[in-house]
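Please open the structure in a viewer and keep the selection tool at hand. The stops below are to be visited in turn.

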Amino acid sequence: MTSPPLTQRPAWNALTAHGRAMKACHLRELFGEDPTRGLRFHVEAEGLYFDYSKNLITDETLGLLAQLARESEVEQRRDAMFAGQHLNESENRAVLHVALRMPSYASLVVDGVDVVAEVHRVLERMATFSDQIRSGAWRGHTNRPIRNVVNIGIGGSDLGPVMAYEALRHYAQRDLTFRFVSNVDATDFVEAVRDLDAQETLFIISSKTFGTLETLTNAASARRWLIDQLGDEAAVAKHFVAVSTNAAKVAAFGIDVANMFEFWDWVGGRYSMESAIGLSTMIAIGPALFFEMLAGFYAMDEHFVRTPITENLPMLLGLLAVWNRNFLGFPTVGVMPYDQYLHRLPAYLQQLTMESNGKHVTLSGDRVNYETGPIYWGEPGTNGQHSFYQLIHQGTTVVPVDFIGFVNSLNPLGDHHDILMSNVFAQAQALAFGKTEEELRHEGADERALKHRVMEGNRPSNVILANELSPRLLGLLVALYEHSVFVQGVIWDVDSFDQWGVELGKQLAAGIIPELTATDPVELAHDSSTNALISYYRSLKQNGRNDDDH
C-alpha cells in the first residue's frame, strides 16, 4: 500500500476530532434538526433497502469516511482483488471468491488459467450429481436411492453449508434429510446418524487438503459406521463423495476420485459456500436455485465494483463499522435477523468477520496501534428481545445492531409477520431515541421506578429490508457482508484472507493427544497448569468413570 500509515492519514485525524464532537450529539437532536434524515440516509439497490439514518453521523461524517476510503486506496484494492492479484500476502495467494459466482460467459485469467472456466466445469459436475441424488438415479451399495445427506466439515466447510441450508430450507426437496457434522466431539456425529439408514445415506467429506484432523476423525467414524451396517468396504464408493484438492488422500480413504469435487487455494474456507463446498446446498435446493443464489452474489459484486462510495452498500456498511469501532469506541456488532430461516447467519458472520479482521499486525507485519475487527454476535428476532436486549437498551456497553427483515414471509400465518416486523422498526426506534424521565412522568410512571425505566437511547443501528428471503437474496446478503469485511480490512491495512491464529492451538493439540492416550507414564513438558490438567484427566480416565457421575 502506498498510502501513509492509517493514523497518519488526514481523514483519520479529521475523523478522530469529529468523533469527539459527535459523542456529544444525540440522535433525538439529529432527527429533530432534519425531518428528512430518514429519507436521506438510506440506499436502495439490488432489492435491498438499507437504512443507516440511526447511526451517529452527519453529512460531514460520510464525507470524511469516503475520504478515508480513498486515502486507504479501498477502490484500488477492490479492483486488484477482482483482477486476481495476490492480495493474501502472507500466503502469496490470489483472493478470488468473486470468481465463484461470475457467469459462464465471463473470463478471468490468473497465473495463466481461466479460473471462471474451471469454476463452471466443477459447477456442471455438481449439477449433474445433484440431479442424480434428487431424482433417485444415484443408487447406494444395496441399490436403494439416497434419502439422507450428511455434510462433514468444519469452519467454512460447515458454517456456510449449514447456514445456507437452514436459510433456504423453504426451497429444499423435502423427501431428503440433511445433517451437518463439524465438532470432533463424538456426540455431534452419533446424534447426526442415530436415526439414519446407512443404505440411504450419502456422506460429503469437505476438506481442502483432506487432512483436517476434526473432519478426518469424523469421516473415519462415518466410514466405520457405514461398513458396520452394510458389511462391505466396497460400499464406501457409493456412499461417500469428497470436496477436496487432494486426490491421493481421497482415493486412499476409499472414495472414487471421479466423485471428488474440486476447489482451489484461492478460495478461503469462510468465502467458499458457493463453491463445491456448497454441494449439500445444491442437492437440497437444486441446481437452478443454486445458480439463482450465485446470481445474487454476482449482482452485489457488480454493485460493489461500479457504484460510488456514498451510494455503495458494502462500502457504507464497512465504513460505518470502522466509524463505530475506531471513532466512537464500540467493540461489538449485533446481527439480528428477523427471520427464523436465518438463525445460523450470525454464526456464519462471526467466522467471516472475526477470522478475517481479527488481526494485530498490518500487511507489512507492523503492530497496529488502533482497534481492528469488532466482535460479531447475534440471534434471530424476536427471541433475543427476551434475552439480551436488556443490555443493548440499558447496559453500559453500546452495541450497534444490524436488523435484517423481510416485507413478506415465506410462511404467512395470521398476523405473525406483522407482529414480527413491528418489532424490527420498534427496536431500532427504541435504541435510537430511548425514553426520558420527562416522557415517563408524562405517561404517569411510578416515581419509584422512574430512573430504572429511563432508556438513554443514542444507540446506533442499521435496518436492512428486502421483499422476501430467496436464493438470490441470500447471495446478495452474504456478498454484502463479505465486501463490507473487505472494506474494513483494507482500511485497517490487515490481511483479511489468512487465519494464522487458528493454527497454534491445533499444533499444540497434536502434541497433547498422545499424552492423553498413552498407557505408560509420560514426561510432561508444558506449563504447570497444562501439566496438572493433563495429569488430572489421565488419572480419571485410567480409573474409569465414577458411578457417582451418572
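In what order do the five strands of the open sheet stand? In this predicted model, the order is 6-5-7-8-9, and the pairing is parallel. Select residues 177-181 for strand 6 and residues 260-261 for strand 9; these two stand at the edges, each with a single partner strand, so one side of each has no neighbour in the sheet.

Next, select residues 148-152, which form strand 5. Strand 5 runs parallel to strand 6 and is joined to it by five bridges. Within this pair, Val 149 has Phe 178 of strand 6 as its bridge partner.

Select Ala 321, Asn 324, Val 333, Asp 402 and Asn 462, which are the closest to its centre among the 13 lining residues. Helix 14 (313-327), strand 12 (401-406) and strand 13 (461-466) each give two or more residues to this lining; helix 14 gives the most, with four. The lining comprises eight nonpolar, four polar and one charged residues.

For the last stop, which element gives the most to the lining of the second largest cavity? Select residues 471-492: this is helix 20, which gives three residues. The cavity has a volume of about 50 Å³, and its lining includes Arg 77, Leu 87, Leu 363 and Phe 486.

Note on methods
Residues are numbered from 1 along each chain as its sequence is written. This is a predicted model: local features need pLDDT of at least 70, side-chain atom pairs count only at pLDDT 80 or more; totals for chains, interfaces and linings use all residues. Side-chain values use heavy atoms; hydrogens and water are left out. Two strands pair if DSSP finds at least two bridges between them. On a 1 Å grid over the protein atoms alone, a cavity is a set of points where a 1.4 Å probe fits but cannot get out, and a pocket is an open set with protein on both sides within 12 Å along at least five of seven lines; lining residues have an atom within 4 Å of a point. Ala, Val, Leu, Ile, Met, Phe, Trp, Tyr, Cys and Pro count as nonpolar, Asp, Glu, Lys and Arg as charged, and the others, Gly among them, as polar. Grid points are joined across faces, edges and corners, and a volume is the space filled by probe spheres set on the points.
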